[in-house]
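Student: I would like to go through some of the terms used for a structure. Please show it to me.

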Amino acid sequence: MMTTKSATQKGIILKDNDEIDIMRRAGALVCRVLDHVCGLVKVGATTGELNDVAEKMISDAGAEALFKGVVNPAASYPFPAALCTSVNDEVVHGVPGDRALKDGDVVSIDCGVRIDGFCGDSARTIPVGNVSKDVQSLLTVTEESLQLAISEMKVGLMWSEIATAIQRKVEAAGMSVVREFVGHGIGQEMHEEPKVPNYHDRSQRKSDFCLEEGMTLAVEPMVTLGASDVMYADADAWVIVTKDSSFAAHFEHSIAMTANGPVILTAA
Ligand code: MG
Ligand code: MG
């Protein structure tokens, strides 16, 4: 019998080792899906084809695709796919369809699943064919900012210290951190407390939290080559784009804080 302990902080649900083991299985499936689907990214492939492959892998594994059917009051339809596929200036929540990827594009692929009641959530941005030097640098800096965050996560540190490190790295490269969308706690639900931002300012002092053993967090820097402002691409749909049309990248891992440090759950 598993018990779910409640942390003292802000409604954050701590996980025990058995729960973290299930989350590892969910995370491993997300990793397998992303490995496979990212390998299919090429000029001419459509985002809908990538999603079809992901949906089959998830259902073959007996897992639930977390994003499918999610309702967003700002959109006129529930999210229709297992993957979010966000191309170029699309930051997050791109809807898979018949858009064919072109040379020089980037596509952010975000995948979430639930297995035996626990979730995994991870994202990567992949270049299509030959991308410009600036765009390659965007992908590198964003991925490295996630790796930096993970390497700095320690029980007892305030999240704002990690967020500041992410923000510094991104801004030192002349890029911007998206503010409207942030990471999150993850467990039995895809989105749990706390909010896990990738920047820090005074407005967040009250929502800051201390890293504790048993916390499971989705850390997901979203970075743009231009300004940080984002908006809905159109009035009734899901996709979020940069206001200045600059390219965006998104890397995400689900991570457990253990006595031995952070463990990446969405790894092989
Ligand atoms: Mg995600
Ligand atoms: Mg997430």
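Tutor: We take a helix pair and then a metal site. The model is predicted, with local features needing pLDDT of at least 70, side-chain atom pairs counting only at pLDDT 80 or more, and totals for chains, interfaces and linings using all residues. Residues are numbered from 1 along each chain as its sequence is written, ligands are numbered from 1 in the order in which they are written, and side-chain values use heavy atoms, without hydrogens and water.

Student: Why is H3 called roughly antiparallel to H4?

Tutor: The axes of H3 (residues 133–152) and H4 (residues 159–172) cross at roughly 155 degrees and come within 9 Å. Angles over 145 degrees count as roughly antiparallel, so H3 is roughly antiparallel to H4.

Student: What makes Ile 162 part of the meeting of H3 and H4?

Tutor: Contact means heavy atoms within 4.5 Å. Ile 162 is one of the H4 residues that meet H3, where Val 141 and Leu 148 are among the partners.

Student: Which residues coordinate the magnesium ion (ligand 1)?

Tutor: Asp 110, Asp 121 and Glu 252 do, at 2.0 to 2.5 Å. Donors are N, O and S atoms within 2.8 Å of the metal (3.2 Å for Na, K and Ca); water is not among the atoms, so sites may look incomplete. Asp 121 also coordinates the magnesium ion (ligand 2), 3.2 Å from ligand 1.

Student: How do you know whether Asp 121 and Glu 252 are buried or exposed?

Tutor: Buried means under 20% relative accessible area, exposed over 50%, partly exposed in between (1.4 Å probe, protein chains only). Asp 121 has 2% relative accessibility, so Asp 121 counts as buried. Glu 252 has 0%, so Glu 252 counts as buried too.

Notes. Axes are lines fitted to C-alpha atoms, for helices over the stretch in contact, and angles run from 0 to 180 degrees between N-to-C directions. Helices (H or I, at least four residues) and strands (E, at least two) are DSSP runs, numbered from the N terminus. Angles under 35 degrees count as roughly parallel, over 145 as roughly antiparallel, 65 to 115 as roughly perpendicular and the rest as oblique.
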